[in-house]
Amino acid sequence: MRTKEIPLSKIARRQFLKLSAVAAAGYVVRPGAEAIAQEMPHLDPADAFAKTMKYTEDASSVDPASRTNPAEHQVCSNCALVLGTDGEPWRPCQIFPGKLVNANGWCSVWAPKS
Ligand code: SF4
């Protein structure tokens, strides 16, 4: 029995179309970085590294005299190391990868934005 041969160019075209469809579907259903970020867990202030960095969810609870950096208004939302979008209540931080910090929080690594 003889099978009908399919020209290589047709196979390649079919592969290309399939891959394009998969890629397009992935682009449509893949959540954006912001959506992924908001799914991350909140940093627990009781976490060992968070405690070492003196992280708190409420910067107003920190005695300004205990800070090494003299800048007056220090919260995560105005820290140079915070990521994400302004206005979000919980944001990623470069010091605590995979966790979200409170925008009104603070830790001893706080640095002014340039
Ligand atoms: Fe907040 Fe900055 Fe400390 Fe991250 S490094 S927890 S953004 S103060």
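Predicted model: local features only at pLDDT ≥ 70, side-chain atom pairs only at ≥ 80, totals over all residues.
Guide: Residues are numbered from 1 along each chain as its sequence is written, and side-chain values use heavy atoms, with hydrogens and water left out.

Visitor: Which helices and strands are there in the protein chain?

Guide: The protein chain has three helices and two strands, in the order α-α-α-β-β from the N terminus. Helices (H or I, at least four residues) and strands (E, at least two) are DSSP runs, numbered from the N terminus.

Visitor: Why is Ala-59 called buried?

Guide: Buried means under 20% relative accessible area, exposed over 50%, and partly exposed in between, with a 1.4 Å probe and protein chains only. Ala-59 has a relative accessible area of 5%, and is therefore buried. Ala-59 is found in the loop between α3 (48-52) and β1 (90-92).

Visitor: What makes Lys-54 exposed?

Guide: Lys-54 has a relative accessible area of 53%, which is over 50%, so Lys-54 is exposed. Lys-54 also lies in the loop between α3 and β1, and its phi is near 60°, a positive value in a residue other than glycine.

Visitor: With which residues is Ala-59 in contact, leaving aside neighbours within four places in sequence?

Guide: Contact means heavy atoms within 4.5 Å. Arg-67, Gln-74, Val-75, Asn-104, Gly-105 and Trp-106 are in contact with Ala-59 on that basis. The C-alpha atoms of Ala-59 and Trp-106 are 5.0 Å apart, although the two are 47 residues apart in sequence.

Visitor: What makes a set of residues a nonpolar core?

Guide: The residues must be buried Ala, Val, Leu, Ile, Met, Phe, Trp, Tyr or Cys, joined through side-chain atoms within 4.5 Å. The largest nonpolar core has eleven residues, including Leu-43, Tyr-55, Trp-90, Phe-96 and Cys-107. Apart from it lies another core, of seven residues, among them Ala-59, Val-75, Cys-79 and Leu-81. In soluble globular proteins, nonpolar side chains tend to be buried together.

Visitor: How many residues of the shell around the ligand are nonpolar, polar and charged?

Guide: A residue is near a molecule if one of its heavy atoms lies within 4 Å of it. The residues around the ligand include Tyr-55, Cys-76, Cys-79, Leu-81 and Trp-110. Ala, Val, Leu, Ile, Met, Phe, Trp, Tyr, Cys and Pro count as nonpolar, Asp, Glu, Lys and Arg as charged, and the others, Gly among them, as polar. The shell accordingly divides into eleven nonpolar, no polar and no charged residues.
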